[in-house]
Amino acid sequence: MRTTVLIFHLDYARSHANRALADAVDTSPDVEIVDMGGLYPDGAIELEAEVARLLAADRLVLQFPVQWYSTPPLLKAWQDTVLTRMYYMRPVEEGERLRGLPVMIAATAGNDPSAYTSGGANLFSLEELLKPLRATANRCFWRWADPFLIYRANKASADELALAGRLYAKRLAEWN
Ligand SMILES: Cc1cc2nc3c(=O)[nH]c(=O)nc-3n(C[C@H](O)[C@H](O)[C@H](O)COP(=O)(O)O)c2cc1C
């Protein structure tokens, strides 16, 4: 069972939270970690390579830091290139092959959980803000898993990030 973790971070070299999460799950040969920002720093995604990577996945994790209440632009670029080709141009030959693909969002946010409430600074919960990804998964006939969300990501101590990594590894290990 191959779990493909695509990390969309434009400055992964300086990441603390996303790197801690990735390092915690990068212990199994069944988990493939892909630093998409490192591969495509200018946002020009290699279409054939990424279509092939997705077709080889048994489970997919889209991991990223929340930016401006949304995903980093590279994740949108991946949707616009890879998913447009697979689901609009070749839905039968490619898209259909991933029907039922389990997908999980792993997102880190700088703000506190209390900010992500109707009475808080950000008005909406992260789950609400991430609904376009859920709609994408629905459109692609993927199987949605509860997102793995980390708050206060840029304020967390090394111990807190290590704990988050262990919880992430547990989520992926128990994912069925
Ligand atoms: C351009 C930019 C926009 C950001 N927007 C948000 C935001 O909307 N909400 C939030 O909670 N954190 C926001 N952050 C904070 C990041 O989510 C946080 O620094 C990141 O998750 C930490 O993970 P890392 O150590 O892997 O970089 C933003 C950070 C940057 C650089």
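I began with Asn-18: an N or O atom in its side chain lies 2.8 Å from an oxygen atom of the ligand. I count a polar contact as a pair of N or O atoms within 3.5 Å. The model is predicted, so I note the limits: local features need pLDDT of at least 70, side-chain atom pairs count only at pLDDT 80 or more, and totals for chains, interfaces and linings use all residues. Residues are numbered from 1 along each chain as its sequence is written, and side-chain values use heavy atoms, with hydrogens and water left out.

Next I looked up two further contacts. A polar backbone atom of Tyr-69 is 2.8 Å from an oxygen atom of the ligand. For Tyr-116, a polar side-chain atom lies 2.5 Å from a ligand oxygen. The protein covers 73% of the 640 Å² of accessible area that the ligand has on its own (Shrake-Rupley method, 1.4 Å probe).

Then I listed the surroundings. There are 17 residues around the ligand, each with a heavy atom within 4 Å of it. His-9, Ser-15, Val-66, Thr-108 and Tyr-116 are the closest. I sorted this shell into 8 nonpolar, 9 polar and no charged residues; Asp, Glu, Lys and Arg count as charged.

Last, I searched for salt bridges and found 11 in the whole structure, each a side-chain nitrogen of Lys or Arg within 4 Å of a carboxyl oxygen of Asp or Glu. Glu-48 and Arg-85 form one, with the closest N and O atoms 2.9 Å apart. Asp-11 and Arg-14 form another, at 2.9 Å from N to O.

Note on methods
Polar contact = N/O pair within 3.5 Å; in protein donor to acceptor, adjacent residues only side chain to side chain.
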